[in-house]
Amino acid sequence: MSTIAVLGAGKIGESLLSGLINAGYSPEDLLFTERYQQRADELSERYGVRGADLPDAVRRADVLVVSVKPQDIEALLDETAEIVTPDKLVVTLCAGLPTSMFERRFAAGTPVVRVMPNTPMLVGEAMSAVSGGSHATESHLELVERMLGSVGRVVRVPENQQDAVTALSGSGPAYFFYLVEAMIDAGILLGLPRAVAAELVVQSAVGSAAMLREGEGHPVIMREGVTSPAGTTISGVRELEKHGVRAALIDAVEAAHSRSVELGAKHRQDPGESD
Ligand SMILES: NC(=O)C1=CN([C@@H]2O[C@H](COP(=O)(O)OP(=O)(O)OC[C@H]3O[C@@H](n4cnc5c(N)ncnc54)[C@H](OP(=O)(O)O)[C@@H]3O)[C@@H](O)[C@H]2O)C=CC1
Ligand SMILES: O=C(O)[C@@H]1CCC=N1
(Lines give C-alpha, C1' and ligand atoms only; values in the text may rest on other atoms or scores of the structure.)
(Ligands and ions follow the chains in the order given, each with its own letter.)
Protein backbone atom coordinates (compact mmCIF):
# COMPACT_ATOMS: atom_id res chain seq x y z
CA MET A 1 0.00 0.00 0.00
CA SER A 2 1.37 3.46 -0.92
CA THR A 3 1.60 6.23 1.67
CA ILE A 4 -0.40 9.22 0.53
CA ALA A 5 0.36 12.76 1.76
CA VAL A 6 -2.25 15.49 1.28
CA LEU A 7 -0.31 18.74 0.97
CA GLY A 8 -2.85 21.37 2.05
CA ALA A 9 -5.76 19.77 3.88
CA GLY A 10 -8.41 22.43 3.31
CA LYS A 11 -11.87 21.77 1.87
CA ILE A 12 -10.92 19.37 -0.91
CA GLY A 13 -7.91 17.91 0.91
CA GLU A 14 -10.06 17.10 3.91
CA SER A 15 -12.75 15.63 1.63
CA LEU A 16 -10.10 13.31 0.20
CA LEU A 17 -8.80 12.24 3.62
CA SER A 18 -12.32 11.62 4.86
CA GLY A 19 -13.37 9.78 1.68
CA LEU A 20 -10.28 7.53 1.71
CA ILE A 21 -10.80 6.60 5.36
CA ASN A 22 -14.48 5.86 4.73
CA ALA A 23 -13.38 3.71 1.80
CA GLY A 24 -11.17 1.60 4.09
CA TYR A 25 -7.73 3.22 3.75
CA SER A 26 -5.81 2.96 7.00
CA PRO A 27 -5.04 6.29 8.70
CA GLU A 28 -1.51 4.85 9.05
CA ASP A 29 -1.07 5.15 5.29
CA LEU A 30 -2.20 8.78 5.17
CA LEU A 31 -0.45 12.03 6.09
CA PHE A 32 -1.36 15.65 5.70
CA THR A 33 0.32 19.04 5.99
CA GLU A 34 -1.34 22.17 7.29
CA ARG A 35 -0.03 25.63 8.09
CA TYR A 36 -1.84 26.13 11.39
CA GLN A 37 -1.41 23.85 14.36
CA GLN A 38 -5.01 24.25 15.51
CA ARG A 39 -6.35 23.06 12.15
CA ALA A 40 -3.84 20.19 12.13
CA ASP A 41 -4.94 19.10 15.61
CA GLU A 42 -8.62 19.20 14.56
CA LEU A 43 -7.94 17.00 11.54
CA SER A 44 -5.86 14.50 13.51
CA GLU A 45 -8.59 14.22 16.10
CA ARG A 46 -11.35 13.87 13.49
CA TYR A 47 -9.66 11.28 11.27
CA GLY A 48 -6.82 9.78 13.30
CA VAL A 49 -4.41 10.83 10.53
CA ARG A 50 -0.97 12.24 11.31
CA GLY A 51 0.01 15.80 10.43
CA ALA A 52 3.56 16.41 9.24
CA ASP A 53 5.64 19.32 8.06
CA LEU A 54 6.18 19.57 4.32
CA PRO A 55 9.72 18.12 4.09
CA ASP A 56 8.75 15.23 6.36
CA ALA A 57 5.57 14.49 4.37
CA VAL A 58 7.50 14.57 1.10
CA ARG A 59 10.14 12.20 2.46
CA ARG A 60 7.70 9.70 3.93
CA ALA A 61 4.99 9.53 1.27
CA ASP A 62 4.98 7.80 -2.11
CA VAL A 63 2.07 9.86 -3.45
CA LEU A 64 2.00 13.63 -2.93
CA VAL A 65 -1.45 15.14 -3.43
CA VAL A 66 -1.11 18.88 -3.97
CA SER A 67 -4.29 20.57 -2.77
CA VAL A 68 -3.43 24.18 -2.02
CA LYS A 69 -5.10 27.10 -3.76
CA PRO A 70 -3.46 28.06 -7.07
CA GLN A 71 -2.53 31.37 -5.41
CA ASP A 72 -0.44 29.45 -2.82
CA ILE A 73 1.29 27.12 -5.24
CA GLU A 74 4.51 29.13 -5.62
CA ALA A 75 5.22 29.04 -1.89
CA LEU A 76 4.59 25.29 -1.79
CA LEU A 77 6.81 24.67 -4.81
CA ASP A 78 9.59 26.78 -3.32
CA GLU A 79 9.50 24.60 -0.21
CA THR A 80 9.37 21.27 -2.03
CA ALA A 81 11.09 21.67 -5.41
CA GLU A 82 14.48 20.52 -4.14
CA ILE A 83 13.22 17.49 -2.22
CA VAL A 84 10.70 15.88 -4.57
CA THR A 85 12.45 13.00 -6.35
CA PRO A 86 11.27 11.08 -9.44
CA ASP A 87 10.33 8.02 -7.34
CA LYS A 88 7.39 10.06 -5.95
CA LEU A 89 4.10 10.45 -7.75
CA VAL A 90 2.76 14.01 -7.71
CA VAL A 91 -1.01 14.32 -8.00
CA THR A 92 -2.28 17.87 -8.42
CA LEU A 93 -5.88 18.81 -7.66
CA CYS A 94 -5.26 22.50 -8.41
CA ALA A 95 -7.69 24.20 -10.78
CA GLY A 96 -6.08 25.52 -13.92
CA LEU A 97 -2.48 24.52 -13.22
CA PRO A 98 -0.86 22.46 -15.99
CA THR A 99 1.26 19.36 -15.27
CA SER A 100 4.08 21.03 -17.25
CA MET A 101 4.42 23.63 -14.49
CA PHE A 102 5.09 20.94 -11.87
CA GLU A 103 7.40 19.03 -14.21
CA ARG A 104 9.51 22.16 -14.70
CA ARG A 105 9.90 22.70 -10.97
CA PHE A 106 10.50 19.14 -9.75
CA ALA A 107 13.43 16.85 -10.55
CA ALA A 108 13.58 15.71 -14.19
CA GLY A 109 11.34 12.72 -14.83
CA THR A 110 9.02 13.25 -11.84
CA PRO A 111 5.61 11.82 -12.77
CA VAL A 112 2.67 14.21 -12.39
CA VAL A 113 -1.03 13.38 -12.70
CA ARG A 114 -3.57 16.20 -12.86
CA VAL A 115 -6.96 15.51 -11.30
CA MET A 116 -10.10 17.57 -11.02
CA PRO A 117 -12.29 16.04 -8.30
CA ASN A 118 -15.26 17.56 -6.49
CA THR A 119 -16.37 17.83 -2.86
CA PRO A 120 -18.96 15.01 -2.93
CA MET A 121 -15.81 12.93 -2.36
CA LEU A 122 -16.70 13.53 1.28
CA VAL A 123 -19.58 11.07 0.90
CA GLY A 124 -17.95 8.71 -1.60
CA GLU A 125 -19.73 10.32 -4.57
CA ALA A 126 -16.96 12.34 -6.21
CA MET A 127 -16.65 12.89 -9.91
CA SER A 128 -12.96 13.03 -10.80
CA ALA A 129 -11.23 13.46 -14.13
CA VAL A 130 -7.62 12.33 -14.48
CA SER A 131 -4.89 13.29 -16.97
CA GLY A 132 -1.28 12.17 -17.07
CA GLY A 133 1.65 14.52 -17.55
CA SER A 134 4.56 13.61 -19.77
CA HIS A 135 6.31 11.27 -17.28
CA ALA A 136 3.16 9.58 -15.91
CA THR A 137 2.94 5.94 -16.93
CA GLU A 138 -0.12 3.74 -17.27
CA SER A 139 0.56 2.31 -13.81
CA HIS A 140 0.71 5.81 -12.26
CA LEU A 141 -2.65 6.61 -13.87
CA GLU A 142 -4.11 3.32 -12.67
CA LEU A 143 -2.91 3.97 -9.12
CA VAL A 144 -4.60 7.39 -9.11
CA GLU A 145 -7.76 5.96 -10.68
CA ARG A 146 -7.91 3.27 -7.96
CA MET A 147 -7.45 5.87 -5.25
CA LEU A 148 -10.16 8.16 -6.62
CA GLY A 149 -12.36 5.24 -7.66
CA SER A 150 -12.66 4.41 -3.96
CA VAL A 151 -14.30 7.81 -3.32
CA GLY A 152 -16.49 8.14 -6.42
CA ARG A 153 -16.37 7.87 -10.18
CA VAL A 154 -13.39 8.56 -12.39
CA VAL A 155 -12.91 9.37 -16.06
CA ARG A 156 -9.67 9.81 -17.95
CA VAL A 157 -9.50 12.90 -20.19
CA PRO A 158 -6.80 14.61 -22.28
CA GLU A 159 -5.26 17.38 -20.19
CA ASN A 160 -6.52 20.07 -22.56
CA GLN A 161 -10.07 19.23 -21.41
CA GLN A 162 -9.32 19.82 -17.71
CA ASP A 163 -10.43 23.48 -17.72
CA ALA A 164 -13.82 22.39 -19.07
CA VAL A 165 -14.02 19.59 -16.47
CA THR A 166 -13.18 22.11 -13.74
CA ALA A 167 -16.02 24.36 -14.87
CA LEU A 168 -18.55 21.55 -15.16
CA SER A 169 -17.98 18.97 -12.42
CA GLY A 170 -15.29 20.65 -10.28
CA SER A 171 -17.50 23.69 -9.69
CA GLY A 172 -20.72 21.78 -10.48
CA PRO A 173 -21.74 20.95 -6.90
CA ALA A 174 -21.91 24.70 -6.15
CA TYR A 175 -24.51 25.17 -8.89
CA PHE A 176 -26.65 22.30 -7.57
CA PHE A 177 -26.40 23.68 -4.01
CA TYR A 178 -27.35 27.12 -5.33
CA LEU A 179 -30.41 25.67 -7.04
CA VAL A 180 -31.45 23.79 -3.91
CA GLU A 181 -30.99 26.93 -1.81
CA ALA A 182 -33.17 28.95 -4.20
CA MET A 183 -35.90 26.28 -4.22
CA ILE A 184 -35.94 26.17 -0.41
CA ASP A 185 -36.43 29.96 -0.45
CA ALA A 186 -39.36 29.44 -2.80
CA GLY A 187 -40.90 27.03 -0.28
CA ILE A 188 -40.47 29.65 2.44
CA LEU A 189 -42.18 32.23 0.22
CA LEU A 190 -45.12 29.84 -0.09
CA GLY A 191 -45.33 29.55 3.70
CA LEU A 192 -43.72 26.16 4.32
CA PRO A 193 -41.60 25.74 7.44
CA ARG A 194 -37.87 25.81 6.50
CA ALA A 195 -37.21 22.25 7.66
CA VAL A 196 -40.12 20.90 5.61
CA ALA A 197 -39.09 22.92 2.53
CA ALA A 198 -35.52 21.64 2.89
CA GLU A 199 -36.61 18.02 3.19
CA LEU A 200 -38.90 18.31 0.15
CA VAL A 201 -36.20 19.88 -2.01
CA VAL A 202 -33.27 17.72 -0.90
CA GLN A 203 -35.15 14.45 -1.36
CA SER A 204 -36.41 15.65 -4.76
CA ALA A 205 -32.79 16.35 -5.72
CA VAL A 206 -31.62 12.94 -4.47
CA GLY A 207 -34.49 11.15 -6.23
CA SER A 208 -33.89 13.01 -9.49
CA ALA A 209 -30.16 12.26 -9.28
CA ALA A 210 -30.91 8.57 -8.71
CA MET A 211 -33.14 8.53 -11.81
CA LEU A 212 -30.42 10.24 -13.84
CA ARG A 213 -27.86 7.71 -12.61
CA GLU A 214 -30.12 4.76 -13.46
CA GLY A 215 -29.73 6.09 -16.98
CA GLU A 216 -33.19 4.94 -18.02
CA GLY A 217 -33.65 7.92 -20.30
CA HIS A 218 -32.46 11.33 -21.37
CA PRO A 219 -33.00 14.23 -18.90
CA VAL A 220 -35.40 15.79 -21.40
CA ILE A 221 -37.58 12.66 -21.39
CA MET A 222 -37.57 12.60 -17.59
CA ARG A 223 -38.56 16.27 -17.42
CA GLU A 224 -41.34 15.64 -19.93
CA GLY A 225 -42.56 12.86 -17.64
CA VAL A 226 -43.19 15.46 -14.91
CA THR A 227 -44.69 18.05 -17.26
CA SER A 228 -48.40 17.32 -17.68
CA PRO A 229 -50.51 19.06 -20.36
CA ALA A 230 -52.05 22.20 -18.81
CA GLY A 231 -50.50 21.11 -15.51
CA THR A 232 -48.43 22.89 -12.89
CA THR A 233 -44.91 22.09 -14.09
CA ILE A 234 -45.21 23.70 -17.52
CA SER A 235 -46.22 26.98 -15.81
CA GLY A 236 -42.98 26.79 -13.82
CA VAL A 237 -40.86 25.77 -16.82
CA ARG A 238 -42.19 28.75 -18.81
CA GLU A 239 -40.86 31.08 -16.07
CA LEU A 240 -37.44 29.38 -16.17
CA GLU A 241 -37.31 29.91 -19.92
CA LYS A 242 -38.56 33.54 -19.61
CA HIS A 243 -35.75 34.28 -17.13
CA GLY A 244 -33.13 32.69 -19.34
CA VAL A 245 -32.06 30.13 -16.73
CA ARG A 246 -30.68 27.74 -19.36
CA ALA A 247 -28.53 30.49 -20.92
CA ALA A 248 -27.48 31.65 -17.44
CA LEU A 249 -26.22 28.14 -16.60
CA ILE A 250 -24.32 27.90 -19.87
CA ASP A 251 -22.78 31.35 -19.24
CA ALA A 252 -21.88 30.35 -15.67
CA VAL A 253 -19.99 27.26 -16.80
CA GLU A 254 -18.30 29.24 -19.57
CA ALA A 255 -17.18 31.89 -17.05
CA ALA A 256 -15.78 29.20 -14.74
CA HIS A 257 -13.88 27.75 -17.71
CA SER A 258 -12.39 31.16 -18.52
CA ARG A 259 -11.27 31.57 -14.92
CA SER A 260 -9.61 28.14 -14.93
CA VAL A 261 -7.72 29.08 -18.10
CA GLU A 262 -6.74 32.38 -16.49
CA LEU A 263 -5.44 30.66 -13.32
CA GLY A 264 -3.17 28.48 -15.45
CA ALA A 265 -2.05 31.21 -17.86
CA LYS A 266 0.71 32.69 -15.76
CA HIS A 267 2.15 29.25 -15.09
CA ARG A 268 2.62 28.36 -18.73
CA GLN A 269 6.12 28.87 -20.09
CA ASP A 270 4.80 30.86 -23.00
CA PRO A 271 1.24 32.03 -23.59
CA GLY A 272 0.82 29.58 -26.47
CA GLU A 273 1.84 26.51 -24.43
CA SER A 274 -1.00 24.06 -24.32
CA ASP A 275 -1.72 21.57 -21.54
N1 LIG B 1 -13.04 23.20 -3.08
C2 LIG B 1 -13.35 22.50 -4.16
O3 LIG B 1 -14.53 22.18 -4.42
C4 LIG B 1 -12.29 22.04 -5.11
C5 LIG B 1 -11.00 22.53 -5.05
N6 LIG B 1 -10.05 22.11 -5.94
C7 LIG B 1 -8.71 22.63 -5.90
O8 LIG B 1 -8.14 22.22 -4.66
C9 LIG B 1 -7.22 23.20 -4.20
C10 LIG B 1 -7.59 23.58 -2.77
O11 LIG B 1 -8.88 24.16 -2.76
P12 LIG B 1 -9.71 24.23 -1.42
O13 LIG B 1 -9.57 22.96 -0.68
O14 LIG B 1 -11.05 24.71 -1.79
O15 LIG B 1 -8.92 25.41 -0.68
P16 LIG B 1 -8.65 25.60 0.87
O17 LIG B 1 -8.14 26.98 1.04
O18 LIG B 1 -9.83 25.15 1.64
O19 LIG B 1 -7.48 24.55 1.17
C20 LIG B 1 -6.14 24.76 0.90
C21 LIG B 1 -5.39 24.38 2.15
O22 LIG B 1 -4.01 24.39 1.91
C23 LIG B 1 -3.36 24.98 3.01
N24 LIG B 1 -2.06 25.48 2.56
C25 LIG B 1 -1.78 26.53 1.77
N26 LIG B 1 -0.47 26.64 1.56
C27 LIG B 1 0.11 25.64 2.24
C28 LIG B 1 1.44 25.21 2.42
N29 LIG B 1 2.47 25.86 1.87
N30 LIG B 1 1.68 24.11 3.18
C31 LIG B 1 0.66 23.44 3.75
N32 LIG B 1 -0.65 23.80 3.62
C33 LIG B 1 -0.90 24.87 2.88
C34 LIG B 1 -4.30 26.08 3.43
O35 LIG B 1 -4.02 26.50 4.73
P36 LIG B 1 -4.54 27.97 5.22
O37 LIG B 1 -5.98 27.77 5.57
O38 LIG B 1 -3.67 28.21 6.36
O39 LIG B 1 -4.34 28.93 4.09
C40 LIG B 1 -5.64 25.34 3.31
O41 LIG B 1 -5.93 24.60 4.46
C42 LIG B 1 -7.31 24.38 -5.16
O43 LIG B 1 -6.20 24.37 -6.00
C44 LIG B 1 -8.59 24.14 -5.92
O45 LIG B 1 -8.50 24.62 -7.23
C46 LIG B 1 -10.34 21.15 -6.87
C47 LIG B 1 -11.59 20.62 -6.97
C48 LIG B 1 -12.68 21.05 -6.14
O1 LIG C 1 -13.67 27.34 -7.15
C2 LIG C 1 -12.59 26.79 -7.37
O3 LIG C 1 -11.64 27.42 -7.86
C4 LIG C 1 -12.41 25.32 -7.08
C5 LIG C 1 -12.03 24.55 -8.31
C6 LIG C 1 -13.22 23.70 -8.64
C7 LIG C 1 -14.10 23.89 -7.52
N8 LIG C 1 -13.64 24.74 -6.67
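## Strands E1 and E2

Strand E1 (residues 4-7) and E2 run parallel, joined by 4 bridges. Within this pairing, Ala-5 sits opposite Leu-31 of E2. The model is a predicted one. E1, helix H1 (residues 11-22) and E2 together form a right-handed β-α-β unit.

## Strand E2 and its other neighbour

E2 also pairs with strand E3 (residues 50-51), again in the parallel sense, over 2 bridges. Here Leu-31 has Arg-50 of E3 as its bridge partner. A right-handed β-α-β unit is made by E2, helix H2 (residues 37-47) and E3.

Are the residues of strand E2 (residues 30-33) buried or exposed? Both faces are covered. Leu-30 and Phe-32 are buried on one side, Leu-31 and Thr-33 on the other. In a regular strand, side chains alternate between the two faces of the sheet.

## Ligand 1

The shell around ligand 1 holds 27 residues. Gly-8, Gly-10, Lys-11, Cys-94 and Ala-95 come nearest. By class, the shell has 14 nonpolar, 8 polar and 5 charged residues.

Which helix gives the most to this shell? H1 does, with 3 residues. H1 and helix H4 (73-80) each supply at least two. H1 is also the helix of the β-α-β unit with E1 and E2.

## Ligand 2

Around ligand 2 stand Ala-95, Thr-166, Gly-170 and Ser-171. This shell has 1 nonpolar residue, 3 polar and no charged.

Notes
Residues are numbered from 1 along each chain as its sequence is written. Chains are lettered from A and ligands numbered from 1 in the order in which they are written. This is a predicted model: local features need pLDDT of at least 70, side-chain atom pairs count only at pLDDT 80 or more; totals for chains, interfaces and linings use all residues. A residue is near a molecule or strand if its C-beta atom, placed from the backbone, lies within 6 Å of it. Ala, Val, Leu, Ile, Met, Phe, Trp, Tyr, Cys and Pro count as nonpolar, Asp, Glu, Lys and Arg as charged, and the others, Gly among them, as polar. A residue is buried if 20 or more other C-beta atoms lie within 10 Å of its own, exposed if 12 or fewer, and partly exposed in between; C-beta atoms are placed from the backbone. Two strands pair if DSSP finds at least two bridges between them. A crossover is right-handed if, with the strands pointing away from the viewer, the path from the first strand over the helix to the second runs clockwise.
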